[in-house]
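Thanks for making time this morning.

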Amino acid sequence: MSKSKKIILYTLLVLIAIVNVFPFYWMLSISLQPLKAVYAYPPQFYPKHPTLDNYRQIFVKYNFFRFTINSLFIATIAALGQLFTCSIAGFAFARMKFRGKELLFGLILATIMVPLEVVIIPEFLLMGKLGWINTYLPMIVPSFLIGTTGVFLMRSFYENVPKELEEAAVVDGASPFMIYWRIFIPVSRASLSALFIISFLINWNAFLRPLIYLNSKKLYTLTLGLISFVGEFSALWNFLLAGAVVSVVPIFTVYLLMQRQFIEGITSTGVKG
Amino acid sequence: MRYKWYLPYLFILLAMVGLFVFRLGPLFFAGGMSFTDWSMFGSPGWVGLENYIEFVKDPTFWKIVWHTISFSLIFVPIILFGSLILAVLLNQGIPGTTTFRAMYFAPVVTSTVAVGIVWRWIFGADVGMLNFLLRTLGIESPPSWLSDRQFSLVVVALVFAWKRLGYYMIIYLAGLQDIPRTMYEAARIDGAGALAIFRKITLPLITPTMFFVMIMALVDSFKNFDIVYTMTRGGPGTASTTLAYYIYQHAFELFQMGQAASLSMFLLVIVGGISVLNFVYKSRWVNTQG
């Protein structure tokens, strides 16, 4: 590549990067300033006297610590559940014979694109009947059990596991569950961690379910805590953006540590699903 | 492997509960509800097609359908071409690619609520960054964006596209990496320029991915509840109300569950139609390679 081409390429890449990173920079910058500085004109491009006071306030006064724990708990349990549901079903669809297999798998595929807004109304009535409104259960149970793309992903992976691996275990007298648990789970570690990451992300960022199911503040997730904050303090941008930073930091940390799995999760669930 | 006939059913049991109780069941139940006047209070009665007829006669409904379509018309082309450009730029194999990729992907992992809040600030009428820049450039009275009927829907769709670009960029990158390096090398030896290489090699071979991205982005564009709720709550008035938000309003603010269910059937038909289209035309439109 010629030098001038390289310069053009890097200029473009940097310009796009600015558009992508700028909002995060402002989020952070404002979250470190007192309200007075936020409303200063002209606006300050960096915090002149950075302070952690906003963070202290939202954690101490406004329950953000609790919201964070709630989100972590819900997203972890839901994602782990989805791993189990999808891997064991994927195993059966890939390696076992049973009546109605094609039909049931077809039904799973057919519901991949159904938007949550379509099923949420009957689901809400069902949760009401079960007495689960204002508990964590509506955020956990459906995600735990539904994994359309996950089942698809795990089935594709398990179909390609060599037969010899399975046969060796059969000779040793292992039951199908043992074969699934002791052989298939370990060989699919990469797919499973990709699936976990994607599922965790979706549940961590989920909004509609917490919004309609949760009433008591102490159960709020971070997304819901943040939006209720907007309603109460719509002009307190320093608090709002500090809250946004709190919701972003944990998921960014996971993302930076596990970038490869993120990318894999998207290409394998996205491209094929 | 030897097992009793019922064992596979035990293995898929959890997934089947998910499928029937939380997917198919609600789908059919919502279909049934759409023919009733179900509300949160009182007992539901059968009203036949009345909900549908009411909506079809209601000009507000058509306005909302138009908003929904406009949202897609803004969102899908930006995704389709924008994320392809990002992917092609990142696919040149120059140093620093992983860093840029990480930055471009950052909005994807951020919650829609956090994205919505920070962009609300940027687009703020008085203290917002954008209007400060516009005033500095000499524009005396810049629009108030999110509280302006003309702009609110456009801004929301643009912000949503900003959030989703990185996701489709990853899908394009996977597609680009499937194109054999040798083809590029051969073209370069023959003296083809960058633009010719893009038009004659990249573009034809990326068409299957483009088609896939278009379908995915189209479906994605209807799932706009989170971003509409956080940025405008459908306002001002109904200026940025889309079908997804309208369903929520009817169900959980007005508690008209029956009407909300019939609205959700419109959404289902649209998304279902796109999926069928995808299924039928995939092989015909797309130049598949091996």
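Helix here means a DSSP run of H or I with at least four residues, and strand a run of E with at least two, numbered from the N terminus. H4(A) passes H11(A) in a right-handed crossing; that is, the near helix is turned clockwise from the far one by less than a right angle, anticlockwise being left-handed.

Before I go further, please keep in mind that this is a predicted model, in which local features need pLDDT of at least 70 and side-chain atom pairs count only at pLDDT 80 or more, while totals for chains, interfaces and linings use all residues. Residues are numbered from 1 along each chain as its sequence is written, and chains are lettered from A and ligands numbered from 1 in the order in which they are written.

Returning to that pair, the residues of H4(A) that meet H11(A) include Ala75(A), Ala79(A) and Leu83(A), and among those on the H11(A) side are Leu195(A), Phe196(A) and Trp204(A); contact means that the C-beta atoms of two residues, placed from the backbone, lie within 7 Å. By class this contact has 11 nonpolar, 6 polar and no charged residues, counting Ala, Val, Leu, Ile, Met, Phe, Trp, Tyr, Cys and Pro as nonpolar, Asp, Glu, Lys and Arg as charged, and the others, Gly among them, as polar.

H4(A), residues 64-95, also packs with helix H8 of chain A, residues 148-159, at an angle of about 45° and with the axes 7 Å apart. That angle makes H4(A) oblique to H8(A), and their crossing is right-handed. The H4(A) side of the contact includes Cys86(A), Phe91(A) and Arg95(A), while Met154(A), Arg155(A) and Glu159(A) are among the residues on the H8(A) side. In this contact the residues divide into 8 nonpolar, 4 polar and 3 charged.

How is chain A divided into domains? An automatic or database domain assignment sets the bounds, giving domain 1 as 1-51 and domain 2 as 63-272. The C-alpha centres of these two domains of chain A lie 33 Å apart, and 8 residues of domain 1 are in contact with 7 residues of domain 2. On the domain 1 side, helix H1 (3-31) and helix H2 (35-38) of chain A each supply at least two residues, with the largest share, 4 residues, coming from H1(A). By class, that side of domain 1 has 6 nonpolar, 2 polar and no charged residues.

Between the chains, 68 residues of chain B are in contact with 69 residues of chain A. Helix H2 of chain B, residues 13-33, gives the most to the chain B side, with 14 residues, and that side has 57 nonpolar, 8 polar and 3 charged residues.

Chain B itself has 13 helices and 0 strands, and its C-alpha trace spans about 75 × 75 × 30 Å along its principal axes. Of its 290 residues, 40% count as buried, where buried means 20 or more other C-beta atoms within 10 Å of the residue's own, exposed means 12 or fewer, and partly exposed is in between, with C-beta atoms placed from the backbone.

I will finish with some backbone details. Most residues other than glycine have a negative phi, and most peptide bonds are trans. Asn63(A), in the loop between helix H3 (53-60) and H4 of chain A, has a positive phi of about 65°, and Asn63(A) is partly exposed, with 17 other C-beta atoms within 10 Å. Phi of Phe255(B) is also positive, near 60°; Phe255(B) is found in the loop between H12 and helix H13 (257-285) of chain B. Lastly, a cis peptide bond joins Gly235(B) and Pro236(B), with omega about -5°, and Pro236(B) sits in the loop between helix H11 (225-231) and helix H12 (243-253) of chain B.

Technical notes: Axes are lines fitted to C-alpha atoms, for helices over the stretch in contact, and angles run from 0 to 180 degrees between N-to-C directions. Angles under 35 degrees count as roughly parallel, over 145 as roughly antiparallel, 65 to 115 as roughly perpendicular and the rest as oblique.
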